[in-house]
Amino acid sequence: MSAGLEIRSPGLGVSIQDDGRHGHRHIGVPLSGALDPVFLAAANGLLGNPAGAAGLEVLLAGPLLQALDAPVRIALAGTMGARHLTVAGAGRAVPAWSTLRLQPGEQLQVGSPCGVGYIAVEGGLLTPPMLGSRSTYARAGLIHVVTTLPCRAARGFGERQNVALGHEDGPIRVIPGPQDDHFTADALDHFYTGPFRVTRQRDRMGLRLAGPALAHNQRGADIVSDGVTPGAIQVPADGQPILLLADCQTVGGYPKIATVIRADLPRLAHLQPGDEIRFRAVDADEAAAARAALARRLSDWLASARPAQAGGDPDTAVLLAANLAGAAVRGDDPHLWPD
Amino acid sequence: MHPPPRLFALGDAAFTVEFGPPQARDVPPDIQARVLGFGAGLAELQAAGGLPGVIEWVPTFRSVTVHFDPDRCLPWHLADRLQALAAEGRQATDSGRKWTIPVCFDGEFAPDLDAVAVACGLSREVVIAQLTATEFTVRMLGFLPGFPYLSGLPASLEMPRLATPRPRVPAGSVAIAGRMGAIYPWDSPGGWRLVGRSPVTLFDAARADRPAMFAPGDRVRWQAVGLEALAAS
């Protein structure tokens, strides 16, 4: 009996991610890992998994998954709904921030997230790790082309659900530099005043922002490449910042005006084209306090998860079953989105 | 003499220790030696358990970026330790490893070779002779997994990057730009000038102990081989 999920439809912008590929940046291998490690940890936590266990990250459209010969427990995190389809074809809406048990042959159609969403399985996805991580990095062949995702058969029972886990509002907090001395005083003013608009140029490597031009001083817009990290904000000669994300290269040749603190990296995952953001400078102590506050919010959230209500709304189930293309959207459920 | 090393915060989970200024067009060899020496010192400290919370470090031409878990160490304490180590001014010359890499400089595998020869006022044969007479030094790996930045290209072959990068440079392409050489481990976009092709696998995740062929401080020579050598491998 093999436990796992068959990928009946791959969705769009779906990849396997865990807490990243640590220890190989000196040979040019990006960190990778979940764009929002807090949401991944939330999905994993509902199943009792370690926070960084490998799951599926969904950027655009979720996959259609089918349980193989054993039941599989799944959790969803993010503003992203799903439909649970029985072998007989009956459907039931599954809200995000909850777990479910997929019996052999049953399917789960995951919708499109607002921002980024995660699908975790009990025990974590068990694809073979490469260089110590299961995270996909297709550019360097660090990817398994698979039609089934191995995982363990469900052991736990008693499904759980919770309210949506949100992120903080307010300016994105940054630590200035390391090359903030490459900018004019005006440019630094503009940077911390903003606002900057998220453009359509965005992927797992980074996103381009548009805002007041940030002029370099006589030190210029080119540096001899040095180390970068997710959250670093590079400013090339055109003065428009590039915010680096999980799959960013290990080194870069543009001055970095500031670097987003770790506690605010998950927020960057959900930025949409047209969103406006501002930056605020903090010091290491405030960054540490922000990390502690975020960890506390996650553990409080996990502690507040409650048993899922059995059955669900039969009328909704009938409605959704009759709409296999996913046109039915329950208006009172903010987590369910049209496919 | 160079200014003393400087330490910068790169966010709240990394420090960059800078041995040479960001703007220098040519990083002097003794800066490279201090980068390598600092890396050797870090490796010793970590082996002795003296770098709690440190995950990894990335040497570049003129700096070393140290990535750490800020919840598993005291960042200010780590900063002190890194500055003390940097101030020792330790130097390491090279890794002691030498590589001879087969390169085919023929026709389709060297799409920019004629243009380089014309721009440098040299014959194609002289360009190849100069490239194969050069002992390159691996300065850092970056841009792509296993991509080596090789210093030592003669000034006579100095050329800027292409004004418009190619959307796809084939894996194995041997390239030059500025005073540097490189070999592309992967198909990727690229703006360097392509002067040859090598069959060598520069990066293999299955080689778990050493996925990248090169390490900083390695010495590399390019050896001209014919088309048949490329086809046979």
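This is a predicted model: local features need pLDDT of at least 70, side-chain atom pairs count only at pLDDT 80 or more; totals for chains, interfaces and linings use all residues.
The domain assignment divides chain A into two parts. Domain 1 is made of residues 4-163 together with residues 306-321, while domain 2 covers residues 172-295. Between the C-alpha centres of domain 1 and domain 2 of chain A there is a distance of 30 Å. The two domains touch: 14 residues of domain 1 of chain A are in contact with twelve residues of domain 2 of chain A.

Which elements supply the side of domain 1 of chain A that touches domain 2 of chain A? Helix 1 (37-46) and strand 10 (114-121) of chain A each contribute at least two residues to that side. Helix 1 of chain A gives the most, with three residues. Sorted by class, this side of domain 1 of chain A holds eight nonpolar, four polar and two charged residues.

Attention now passes to chain B. Here four strands form an open sheet with antiparallel pairing, and their order across the sheet is 1-2-4-3. Strand 1 (6-9) and strand 3 (54-59) of chain B stand at the edges. Each of these two strands has a single partner strand, so one side of each is left without a neighbour in the sheet. On average, neighbouring strands of this sheet are turned by 20° against each other, direction ignored.

The pairing of strand 2 and strand 4 of chain B can be followed in detail. Strand 2 (residues 14-18) of chain B runs antiparallel to strand 4 (residues 63-68) of chain B, and five bridges join them. One residue pair may be located by name: B:Ala14 has B:His67, in strand 4 of chain B, as its bridge partner. A helix also packs on the sheet, namely helix 1 (residues 29-47) of chain B, which touches strand 2, strand 3 and strand 4 of chain B. The direction of this helix makes about 165° with that of strand 3 of chain B.

Finally, the two chains come together in a contact that takes 39 residues from chain B and 38 residues from chain A. On the side of chain B that touches chain A, strand 1, strand 2, strand 3, strand 4 and strand 6 (136-141) of chain B each supply at least two residues. What does strand 3 of chain B give to this side? Strand 3 of chain B gives the most, with five residues. By class, the side of chain B that touches chain A has 26 nonpolar, nine polar and four charged residues.

Note on methods:
Residues are numbered from 1 along each chain as its sequence is written. Chains are lettered from A and ligands numbered from 1 in the order in which they are written. Two strands pair if DSSP finds at least two bridges between them. Axes are lines fitted to C-alpha atoms, for helices over the stretch in contact, and angles run from 0 to 180 degrees between N-to-C directions. Two residues are in contact if their C-beta atoms, placed from the backbone, lie within 7 Å. Domain bounds come from an automatic or database domain assignment. Ala, Val, Leu, Ile, Met, Phe, Trp, Tyr, Cys and Pro count as nonpolar, Asp, Glu, Lys and Arg as charged, and the others, Gly among them, as polar.
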